[in-house]
Amino acid sequence: MESEARLEETLGLVRGRGFRITTARRAVLQALVLGGSHMTAEDLAAMVQKSHPDIHLSTIYRTLESMEEIDIVDHVHLGHGRAVYHLTTDTHQHLVCEVCGSVLETPSRTFEQLAIDLRSAYGFELRTHHFAVLGRCKICSTGATPPANP
Ligand SMILES: [Zn+2]
Ligand SMILES: [Zn+2]
Ligand SMILES: [Zn+2]
């Protein structure tokens, strides 16, 4: 029910921006709502194709592109260029561990001060959401054994 409401809200935003709800758009947005926020285009395609085997990866890419143009969807690069997709109603920052690959989500305002400093010193507009920050998570930096995957 929660995700159903989330999907309807998102479809409402798309219509509000003058876009039709095609089968592919609905399926991709539904996959984004249900699948959580760190899905690559391939992950989304695999999920969509369970119910719509006729929707090809190229259509998924085109759909994501058009949804990015109207600011419904956004992508972020986690680690070495791997782009994952988010609904723009779900924004946060990403800290990625270079050792174990874990992703820590932090609030959007995490790099606010850095953005302010870069703007005043260099006139540079930091797009804080576009890239993850790489480093070592608490477990890897302290040398403790990471918990086994459940
Ligand atoms: Zn995220
Ligand atoms: Zn990008
Ligand atoms: Zn780690």
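**Entry 1: a starting residue**

Which residues does V103 touch, not counting residues up to four places away in sequence? I looked this up and found H38, L78, H94 and V96. Touching here means that two C-beta atoms, placed from the backbone, lie within 7 Å.

A note before I go on: this is a predicted model, in which local features need pLDDT of at least 70 and side-chain atom pairs count only at pLDDT 80 or more, while totals for chains, interfaces and linings use all residues. Residues are numbered from 1 along each chain as its sequence is written, and chains are lettered from A and ligands numbered from 1 in the order in which they are written.

**Entry 2: the whole chain**

I stepped back to the protein chain and found 6 helices and 5 strands. Helices (H or I, at least four residues) and strands (E, at least two) are DSSP runs, numbered from the N terminus. The order from the N terminus is α-α-α-α-β-β-β-β-α-β-α. The C-alpha atoms fill a box of roughly 45 × 45 × 30 Å, taken along the principal axes. Of the 150 residues, 16% count as buried.

**Entry 3: the sheet around V103**

I found an open sheet of 3 strands in the order 4-3-5, with mixed pairing. Strands count as paired if DSSP finds at least two bridges between them. Strand 4 and strand 5 (133–135) are at the edges with a single partner strand each, so one side of each has no neighbour in the sheet.

Strand 3 (residues 93–97) pairs with strand 4 in the antiparallel sense over 4 bridges. The two form a hairpin with 5 residues between them, and G101 in the turn has a positive phi of about 80°. On the other pairing, 3 bridges join strand 3 to strand 5, and these run parallel. L95 stands opposite L104 in strand 4 and opposite V133 in strand 5. H94 stands opposite E105 in strand 4.

I then looked at the faces of strand 3: H94 and V96 are on the covered face, and Q93, L95 and C97 on the uncovered one. In a regular strand the side chains alternate between the two faces of the sheet.

**Entry 4: the nonpolar core**

Next I looked up the largest nonpolar core and found 18 residues, with V28, L32, L44 and V48 having the most contacts inside it. Such a core is a set of buried Ala, Val, Leu, Ile, Met, Phe, Trp, Tyr and Cys residues joined through C-beta atoms within 7 Å. Helix 2 supplies the largest share, 6 residues. I checked V28 too: it touches L44, V48, I60, T63 and L64, leaving out residues up to four places away in sequence.

**Entry 5: two helices**

How do helix 2 and helix 4 lie to each other? They are roughly perpendicular, a word used for angles of 65 to 115 degrees. A24, R25 and V28 of helix 2 meet T59, I60, T63 and L64 of helix 4.

Conventions
A residue is buried if 20 or more other C-beta atoms lie within 10 Å of its own, exposed if 12 or fewer, and partly exposed in between; C-beta atoms are placed from the backbone. Angles under 35 degrees count as roughly parallel, over 145 as roughly antiparallel, 65 to 115 as roughly perpendicular and the rest as oblique.
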